[in-house]
Amino acid sequence: MKSEKNMLTRKRPPKRSARMVETIYGCKWSLTVYQLLARGVNRPGEMVRSVEGLTTKVLNECLRRNMEFGILERISYAEIPPRVEYNVTEFGQKFLRILDDLEKLQEEIDGSELPESK
């Protein structure tokens, strides 16, 4: 009989973080938005003008999704005309480092002779 003390429970994947990665990679524009923010472009109008094919509607959906995950924060300034900016949160910085690591891993996989899984 096995000792209960030494028994392992089945390891489960991290549900929320896995969904975040899947959603962000599934969003056509999130990675582009991160590039814009890294370049100091943090106002929505400027983002739309900076990227061909990006519309205000799609950008707003992308920004909202990233805010829901806690990756981005929205800052509204009480000015006329109103001014809104987006920044990467502290949590978002950690998440973006993970995405960078995944990109490096993919480059490593692409550069190796590993057989593709079926």
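Predicted model: local features only at pLDDT ≥ 70, side-chain atom pairs only at ≥ 80, totals over all residues.

Reader: Where does N66 lie?

Author: N66 lies in helix α4, which covers residues 56-68.

Reader: Is N66 buried or exposed?

Author: N66 is buried, as its relative accessible area is 0%.

Reader: What does the side chain of N66 reach?

Author: The side chain of N66 reaches the backbone oxygen of C62 at 2.9 Å. Apart from neighbours within four places in sequence, N66 is in contact with I24, S30, Y34, I71 and L72.

Reader: Turning to the helices, at what angle do α1 and α5 pack?

Author: Helix α1 (residues 15-26) packs against helix α5 (residues 90-111) at an angle of about 70 degrees, and their axes are 12 Å apart. Therefore α1 is roughly perpendicular to α5.

Reader: Which residues make the contact?

Author: From α1 there are M20, V21, I24 and Y25, and from α5 there are F91, F95, L99, L102 and E103. By class, this contact of α1 with α5 has eight nonpolar residues, one charged residue and no polar ones.

Reader: Now the cysteines. How many disulfides are there?

Author: The count comes to zero disulfides. C27 is in no disulfide, and the nearest cysteine sulfur to it, that of C62, is 3.7 Å away.

Reader: Are C27 and C62 buried or exposed?

Author: C27 is buried, with a relative accessible area of 10%. C62 is buried as well, at 1% relative accessibility.

How values were computed:
Residues numbered from 1 in each chain as written. Heavy atoms only, no water. Helix = DSSP H or I, 4+ residues; strand = E, 2+ residues; numbered from the N terminus. Buried < 20%, exposed > 50% of the residue type's maximum accessible area, 1.4 Å probe, protein only. Polar contact = N/O pair within 3.5 Å; in protein donor to acceptor, adjacent residues only side chain to side chain. Contact = heavy atoms within 4.5 Å. Axes fitted to C-alpha atoms, helices over the stretch in contact; angles between N-to-C directions. Parallel < 35°, antiparallel > 145°, perpendicular 65-115°, else oblique. Nonpolar A, V, L, I, M, F, W, Y, C, P; charged D, E, K, R; others polar. Disulfide = S-S within 2.5 Å.
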